[in-house]
Amino acid sequence: MSAAALRAAMTDLSGRTAIVTGGARGQGEAEVRLLVECGARVLICDVLDEGAALAEELGQQFLKLDVTSEAGWAEAAARVEGRLDIVVNNAGIINRSLIADTSPDAWRRVIDVNLTGAFLGIRTCAPLMTNGGSIINISSNSAFSGHYDPAYTASKWGLRGLTRSAAMEYAGAGIRVNAICPGLIVTGLNADSPHLAPMIGMTPAGRSGTPDEVAQMVLYLASDASKFVTGEDFLIDGGFIAGAGYRRVAVETGIIKQEP
Ligand SMILES: NC(=O)c1ccc[n+]([C@@H]2O[C@H](COP(=O)([O-])OP(=O)(O)OC[C@H]3O[C@@H](n4cnc5c(N)ncnc54)[C@H](O)[C@@H]3O)[C@@H](O)[C@H]2O)c1
């Protein structure tokens, strides 16, 4: 493949239609901006009204969608003109409490938004992807570990399982389904969190990631550059899950000499 053809495969989404949930801010906003920049038409879905201003700025459509609502998803499907090519199930919430402090209602809400929302998205959207396409579920690197937010972690582990199951179910329809598992990305989700500094301190890369870096991985999975890739989950976490605990031990005992 020539470099020009590869560039096109990686970055040319002209003629493609996408839905991005949680697209009003944070990583979702960065994903929307990059997909539009590459030529896709994007339906921005979010519970936040800020999505309307973003849609207007970019000349795209906005739908006030709660991803837990079946009726809301039916409305999203009705807004799609022609076929659908790309779905990014990005909407998510955190809970930030231990099991003992989590009410059953709080537990259900996190599972509903983070996991059932993606299930409804896949179930609604796959039939619209009549020429194949790419579904990308935004999980988390907490889905590779235990974590101090058990509801969030369970939802994100569940999303990895849903991703693989969906990849098997829809492979014959030419629909690829993958998950992205970010580590710490500073956004409205966590900007006020006391965990930021210790998380950055533990991250081998020595920093948090950016919404743009996650958006670039979304673009790769949305594009033809990844057309043989399905059923996978992709960590983007500065090396946290690769061995941050062992690395900390090695630094504290002087085996690794320098902190970044
Ligand atoms: N920020 C991180 O460190 C981090 C790390 C790993 C994974 N993630 C995941 O990345 C995704 C994006 O998070 P972010 O960091 O951009 O946070 P964010 O809070 O800035 O964005 C999340 C978006 O989802 C929307 N949303 C929440 N509930 C919704 C619902 N029921 N229906 C529709 N939209 C809803 C919010 O309004 C918001 O616009 C989430 O799934 C999150 O769990 C984030």
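**Notebook: helices, strands and the ligand shell**

I began with helix α8 (residues 211-222), which has 12 residues and reaches 16 Å from its first C-alpha to its last, close to the 16 Å expected at 1.5 Å a residue. The expected span is 1.5 Å times one less than the number of residues in the helix. Helices (H or I, at least four residues) and strands (E, at least two) are taken as DSSP runs, numbered from the N terminus.

I note that this is a predicted model, in which local features need pLDDT of at least 70 and side-chain atom pairs count only at pLDDT 80 or more, while totals for chains, interfaces and linings use all residues. Residues are numbered from 1 along each chain as its sequence is written.

**Entry: burial in α8**

I looked up which residues of α8 are buried and found P211, V214, A215, M217, V218, L219, L221 and A222. A residue is buried if 20 or more other C-beta atoms lie within 10 Å of its own, exposed if 12 or fewer, and partly exposed in between, with C-beta atoms placed from the backbone. The buried residues of α8 pack against α2, β4 (86-89), β5 (133-138), β6 (175-182) and β7 (233-236). Contact here requires two C-beta atoms, placed from the backbone, to lie within 7 Å.

**Entry: helix α6**

I then turned to α6 (residues 150-170), where 21 residues reach 30 Å from first C-alpha to last, close to the 30 Å expected at 1.5 Å a residue. Its buried residues include A151, Y152, L159, L162 and Y170. The buried residues of α6 pack against α5, β5, β6 and β7.

**Entry: strand β1**

I checked β1 (residues 17-21) and found 5 of its 5 residues buried, so the strand is largely enclosed by the rest of the structure. On one side T17, I19 and T21 are buried, and on the other A18 and V20 are buried, which leaves both faces covered. β1 pairs with β2 (residues 41-46) in the parallel sense over 5 bridges; pairing requires that DSSP find at least two bridges between the strands. I recorded V42 in β2 as the bridge partner of A18.

**Entry: the ligand shell**

I listed 28 residues around the ligand, of which G22, G26, A91, G92 and L189 come nearest. A residue is counted here if its C-beta atom, placed from the backbone, lies within 6 Å. Helix α2 (residues 26-37) gives the most to this shell, with 3 residues. By class, I found 13 nonpolar, 12 polar and 3 charged residues. Ala, Val, Leu, Ile, Met, Phe, Trp, Tyr, Cys and Pro count as nonpolar, Asp, Glu, Lys and Arg as charged, and the others, Gly among them, as polar.

**Entry: two single residues**

I found R96 in the loop between β4 and α5 (104-125). R96 has a positive phi of about 55° although it is not a glycine, and with 16 C-beta neighbours inside 10 Å it counts as partly exposed.

I located M202 in helix α7 (residues 196-202). M202 is partly exposed, with 18 other C-beta atoms within 10 Å. Setting aside neighbours within four places in sequence, M202 is in contact with F240, A244 and R248.

**Entry: the whole chain**

I counted 9 helices and 7 strands in the chain. Of its 260 residues, 43% count as buried.
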